[in-house]
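Hi everyone, thanks for coming. I'd like to walk you through one protein model today, so let's bring it up on the screen.

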Amino acid sequence: MKSTTPFWCLAAAAAFALASCDSARNATEDTSTASTTVESTGAPAEVAFTRDLSQGDYRFQIQSTTADNGQQLTIKTRRGEALVTDPVRLNVRGNVTDAVMGDLNGNGNPELYIFTSGSGSGSFGGVEAYEFKDKSFTPLKSPQTLSGDMATGYQGQDKYEVRGNKLVRTFPVYSGTDTSSPTGETRTIEYSLNSEGMLMPGTMPAASGSTTPATTTPPKQ
């Protein structure tokens with residue numbers, strides 16, 4: 001037996017069913033998107049240090065946030081408002097205390113030096129250093145652990161800065177290993193950047209036993 005339902009009714013019913021399916025699919029997609037957005041939000045990490053530095057056409061954004069046993073460091077490089085490379089992210093011991101630009105090797109490529117300080121009585125300092133070249137960062141080899149005469153009387157409390165084409169490190173000198181017995185002197189060690197991207201000490205303290213090391217300067221008042 002032939003159906004007596006008019007053709008326009010069948011067409012209307014089909015259109016209604018298709019619209020219902022589209023509506024259901026859209027509702028599912030919208031719910032998924034909303035769920036993802038909710039999951040991606042959370043309490044932001046506490047910002048401990050932030051610094052914007054510029055050199056030429058480039059702007060370097062340095063930020064550290066609190067993390068377990070230290071801080072997480074993030075470096076973003078922009079030209080205008082556009083990122084020109086993937087952000088650098090790494091965990092550092094202690095706290096970020098300062099960030100400066102330099103060009104110690106004089107090749108025209110900007111270098112970024114980030115100084116850190118540990119917690120506790122020693123507050124041992126550290127350096128995270130990078131050279132920016134061809135829109136990417138190349139890590140520089142940080143100063144090695146002090147040894148020999150340079151380590152005599154060393155108990156931390158390092159201070160770093162860039163002076164001209166040198167990375168300068170200063171710290172108080174103590175008598176032996178007793179941190180309660182400062183001598184009232186400070187030792188200064190200058191580092192230069194060689195062609196292999198390594199920070200090398202260029203100034204040596206006097207031989208052990210000297211009362212006035214050649215690299216010692218009067219303490220700041």
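At 30% relative accessibility, Q157 is partly exposed; buried means under 20% relative accessible area, exposed over 50%, and partly exposed in between, using a 1.4 Å probe and protein chains only. Q157 sits in the loop between β9 and β10 (159-163). Its phi is positive, about 60°, although Q157 is not a glycine. Most residues other than glycine have a negative phi.

A word on where this comes from. This is a predicted model, in which local features need pLDDT of at least 70, side-chain atom pairs count only at pLDDT 80 or more, and totals for chains, interfaces and linings use all residues. Residues are numbered from 1 along each chain as its sequence is written, and side-chain values use heavy atoms, with hydrogens and water left out.

Now the overall picture. The protein has 1 helix and 14 strands; these are DSSP runs numbered from the N terminus, with helices (H or I) of at least four residues and strands (E) of at least two. Of its 221 residues, 33% are buried.

D134 also has a positive phi, about 55°, and is not a glycine either. D134 lies in the loop between β8 and β9, and with a relative accessible area of 68% it is exposed. K133 stands opposite S136 in β9.

Those two strands belong to an open sheet of 4 strands, in the order β6-β7-β8-β9, with antiparallel pairing. Which strands stand at the edges? They are β6 and β9 (136-139), each with a single partner strand, so one side of each has no neighbour in the sheet. From one strand to the next, the twist averages 25°, the angles being taken from 0 to 180 degrees between N-to-C directions of axes fitted to C-alpha atoms.

In strand β7 you'll find T116, which counts as buried at 11% relative accessibility. Beyond four places in sequence, T116 touches V92, R93, N95, V96, T97, F124, G125, G126 and V127; contact means heavy atoms within 4.5 Å.

Let's look inside. The largest nonpolar core has 18 residues, and F60, I62, L73, I75, L112, I114 and F137 touch the most other members. By nonpolar core I mean buried Ala, Val, Leu, Ile, Met, Phe, Trp, Tyr and Cys residues joined through side-chain atoms within 4.5 Å. F137 is in contact with residues including F60, I75, V88 and L112. A second, separate core of 17 residues includes A129, L146, L167 and Y191.

Strand β3 (residues 70-79) pairs with β5 in the antiparallel sense over 5 bridges, and L73 stands opposite L90.

Finally, is L104 buried or exposed? L104 is buried, at 6% relative accessible area, even though its place is in the loop between β6 (95-102) and β7 (111-117). Among the residues L104 touches are V162, L167, Y191 and L199. L199 is 95 residues away from L104 along the chain, yet their C-alpha atoms are separated by 9.5 Å.

Note on methods:
Pairing = 2+ DSSP bridges.
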